[in-house]
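Hi there,

Here is the structure I promised to pass on. Have a look at it first, and then read my notes below.

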Amino acid sequence: MAGKFHNELEKLKKDVLKMGYLATDMLSTSIEALKEQSEKKADYVYSKKDELADMDEKLEEKAFQLIALHQPMAKDMRTIACCLKIITYLARIGRYGKDIAKIAQEVIDKPHVRKLISIPHMNERVCAMINDALIAFKTEDLSLISDFSERDDDIDSLRYSIFRECITYMMEDPKKIERCARYVMVARYLERCADHACKMAEKIHYMVTGERIEIK
């Protein structure tokens, strides 16, 4: 029974990683849709929202089944608890990707302001955090998430920089207000995704060590 349980637990972890790759793909593709003004890429992100929701529901159910059938303890229980938390954060990240894809559709026929300012760079940094959290979850290598507090501070700084720059453009040219307001919203969504990556890192640290940390 123990062997079967651990095989099922490993499969659960692999499926969580698949969900992570999907959520990250939705987020990064939504920024590509915005940058390239690509309706096709925005539609692709929308096409994945039901798949993401389905994975969220099925993985949650599988985790509860493992708890009910095997009554795990210690690290095994922490691993399942971590999976339950991570799928929630991933679902939110994917939904932010969907929201950004909607914004991309709304400004698809309007010229960009300053090549989206720093939004593409901010997206790269955020996706790197999510990917490092997923690798840490897979490998239990906590060095990958040890600097998340500093990286999150950098993301916060980027968001405020984008906000200040957008305000400047909006004051200089009222015709840019609509586009810049959307850029501010996208930057906010990306910041929230970085926050979810930090929460994932907290749960992964607890899964591995049994010690709780808070990433501020």
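**What I found**

K62 is partly exposed, with a relative accessible area of 27% (buried means under 20%, exposed over 50%, and partly exposed in between, using a 1.4 Å probe and protein chains only). Before we go on, keep in mind that this is a predicted model: local features need pLDDT of at least 70, and side-chain atom pairs count only at pLDDT 80 or more, while totals for chains, interfaces and linings use all residues. Residues are numbered from 1 along each chain as its sequence is written, and side-chain values use heavy atoms, with hydrogens and water left out.

Back to K62. Its partner in a salt bridge is E8, and their closest N and O atoms are 3.9 Å apart (the rule is a side-chain nitrogen of Lys or Arg within 4 Å of a carboxyl oxygen of Asp or Glu). E8 sits in helix α1 (residues 2–36) and K62 in helix α3 (residues 49–70), so this pair ties together parts that are 54 residues apart in sequence.

The structure holds 20 salt bridges. Among them is the one between E51 and K48, at 3.3 Å between the closest N and O atoms; E51 is partly exposed at 37%. Another joins D50 and K49 at 3.6 Å, N to O. Here D50 is exposed, with 55% relative accessible area, whereas K49 is partly exposed at 32%. There is also a network: K11, D15 and K18 are joined by salt bridges that share partners.

Now the overall picture. The chain has seven helices and zero strands (helices are DSSP runs of H or I with at least four residues, strands are runs of E with at least two, and both are numbered from the N terminus). Of its 216 residues, 46% count as buried. Along the principal axes, the C-alpha trace spans about 65 × 35 × 20 Å.

Contacts are worth a look too (heavy atoms within 4.5 Å). Taking those between residues at least 6 apart in sequence, 82% join residues at least 24 apart.

Last, check out the surface. F163, I167 and M171 form a nonpolar patch there, with about 300 Å² of accessible area together (patch residues have over 30% relative accessible area and no salt bridge; like charges are joined within 9 Å, and nonpolar side chains, meaning Val, Leu, Ile, Met, Phe, Trp and Tyr, within 5 Å; areas come from the Shrake-Rupley method with a 1.4 Å probe, and for residues only the protein chains shown count as cover). M171 belongs to helix α6 (residues 148–172) and counts as exposed at 69% relative accessibility.

Cheers!
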